[in-house]
Amino acid sequence: MNRRVVITGMGIWSCLGTSLSEVKDSLYQGKSGIGIDPDRITYGYQSPLTGIVPEPQLKGVLGRRQRIGMSQEAEYAFMASREAMEQAGIDDGYRQQHEVGIIFGNDSSAKPVIETAQIMDQKHDSAMIGSALVFQSMNSTVNMNLSTIFHLRGINFTISSACASGSHAIGIAYLLIKQGLQDCVLCGGAQEVNYYSMASFDALNAFSKRTSEPARASRPFDRDRDGLVPSGGAAALVLESYESAIARGAAIIAEVTGYGFSSNGGGIQQPSESGSVIAMARALDDAGLKPDDIDYINAHATSTPQGDMLEAQAINHIFAGSHALISSTKSMTGHECWMAGASEAVYSVLMMQHNFVAPNINFENPDEYSAPLNLATRTIDTQVDTILSNSFGFGGTNSALVIKKYKQ
């Protein structure tokens, strides 16, 4: 089997907006979604900067029994998935009669774990915990909730691979469909943004402290970057075989044609130029493309000194002299962590649909590594037919996706 894999639906819930149209406008305008969370100051963070993600209002949308087992990231994922299902034209009647799978990237569920510990510390009685927190606290919280709500009966598991989780979820869904093991899979990534979720990262001194200018704090590839800004939300895509999409008369948005991966095998926090190169090269090879076939690269670049430097070297290693425009949408969103690989696929497809490349905002001064990059520092109206999206994470996990404009 070597089936074509297409995208028929997308959904997004992020600091750039809570619908595809709103997010598309933010991307085009180069609008930042980053702000200050006062609760982080009270809690003791060194940096209170974060993506400002609206809380979904699910009362009246879902019943109480459905809501109580949902973590924050599961709520975000529900909203994104509902939009993706609606765009794909997949309703509950279809899901009851056809096997639809689900693979989501999620690598933590901090808030319910901490709340459980607090109850035990205060009450010393596990009976006081109740039944809901167990379903909120597991890393599979997104999958278990969404598979139940949407009556999904296909493949069902969670990918926990740090900041490449969402990208790997798309990649594995693509492989399953390509190989004929599934016809349709809901996939994506989700990340909580409550102040419990990022305290351990804050302890690493990884976050920007440019608190006087929140919108200018995330500065991928810029010489004066001082760290990343955490963010979150959820992104969802409906992937299915070309045959399945055609059979049910679905509108095809784009086509996934390549997935590359690698592991660095080095230090747990250490990014790698060679690991990044392998993942990108493998994705290009899987898609049967050459570097100059790529029109746009959505870089992983998180606004950290070492990570940006090594990715810039890796991109230059493969794409030096090619025409691909490059930007990191994290300049606007901050680092959306477990959802980033999925949200950046959605952002890139929105650019493809509307023929523009979103800017790498806050890029003012190149360093020696970013200077050779063909960075889009303003919005560029241009035809985008083929994109490469990079995602790299702690533990040396790397993922790269190639997505093309759909052509019959």
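# Helices, salt bridges and pockets, term by term

Visitor: How far does helix H12 (residues 273-287) reach from its first C-alpha to its last, and what is expected?

Guide: H12 has 15 residues and reaches 21 Å, close to the 21 Å expected at 1.5 Å a residue. The expected span is 1.5 Å times one less than the number of residues. The model is predicted: local features need pLDDT of at least 70, side-chain atom pairs count only at pLDDT 80 or more, and totals for chains, interfaces and linings use all residues. Residues are numbered from 1 along each chain as its sequence is written, and side-chain values use heavy atoms, with hydrogens and water left out.

Visitor: Which residues of H12 are buried, and what do they pack against?

Guide: Gly275, Ser276, Val277, Ala279, Met280, Ala283, Leu284 and Ala287 are buried. Buried means under 20% relative accessible area, exposed over 50%, partly exposed in between (1.4 Å probe, protein chains only). Those residues pack against strand E8 (254-263), helix H13 (305-319), strand E13 (386-393) and strand E14 (397-405). Contact here means heavy atoms within 4.5 Å.

Visitor: Why is H9 called largely enclosed?

Guide: Count its buried residues. They are 12 of 14, so H9 is largely enclosed by the rest of the structure. Among them are His168, Tyr174 and Lys178. H9 reaches 20 Å, close to the 20 Å expected. Gly180 follows, with a positive phi near 85°.

Visitor: What makes the contact of Arg3 and Asp183 a salt bridge?

Guide: The N to O distance is 3.0 Å. The rule asks for a side-chain nitrogen of Lys or Arg within 4 Å of a carboxyl oxygen of Asp or Glu, so the pair qualifies. Arg3 precedes strand E1 (5-13) and Asp183 sits in the loop between helix H9 (165-178) and strand E6 (184-191), so the pair ties together parts 180 residues apart in sequence. By this rule the count comes to 18 salt bridges.

Visitor: Why is Arg3 called buried, and why is Asp183 called partly exposed?

Guide: Arg3 has a relative accessible area of 15%, so it counts as buried. Asp183 has 39%, so it counts as partly exposed.

Visitor: How do you know that Lys330 and Glu344 form a salt bridge?

Guide: Their closest N and O atoms are 2.7 Å apart. The pair links distant parts of the chain: Lys330 is in helix H14 (residues 330-333) and Glu344 in helix H15 (residues 340-354), 14 residues apart. Both Lys330 and Glu344 are buried.

Visitor: What makes Arg210, Glu213, Arg216, Arg219, Asp222 and Glu364 one network?

Guide: Salt bridges that share partners join them.

Visitor: How much space lies in the largest pocket, and which residues are the closest to its centre?

Guide: About 540 Å³ lies in the largest pocket. Of its 29 lining residues, Gln269, Pro271, Thr302, Thr304 and Phe394 are the closest to the centre. H13 gives the largest share of the lining, 5 residues.

Visitor: What makes a space a pocket?

Guide: On a 1 Å grid over the protein atoms alone, a pocket is an open set with protein on both sides within 12 Å along at least five of seven lines; a cavity is a set of points where a 1.4 Å probe fits but cannot get out; lining residues have an atom within 4 Å of a point. Grid points are joined across faces, edges and corners, and the volume is the space filled by probe spheres set on the points.

How values were computed:
Helices (H or I, at least four residues) and strands (E, at least two) are DSSP runs, numbered from the N terminus.
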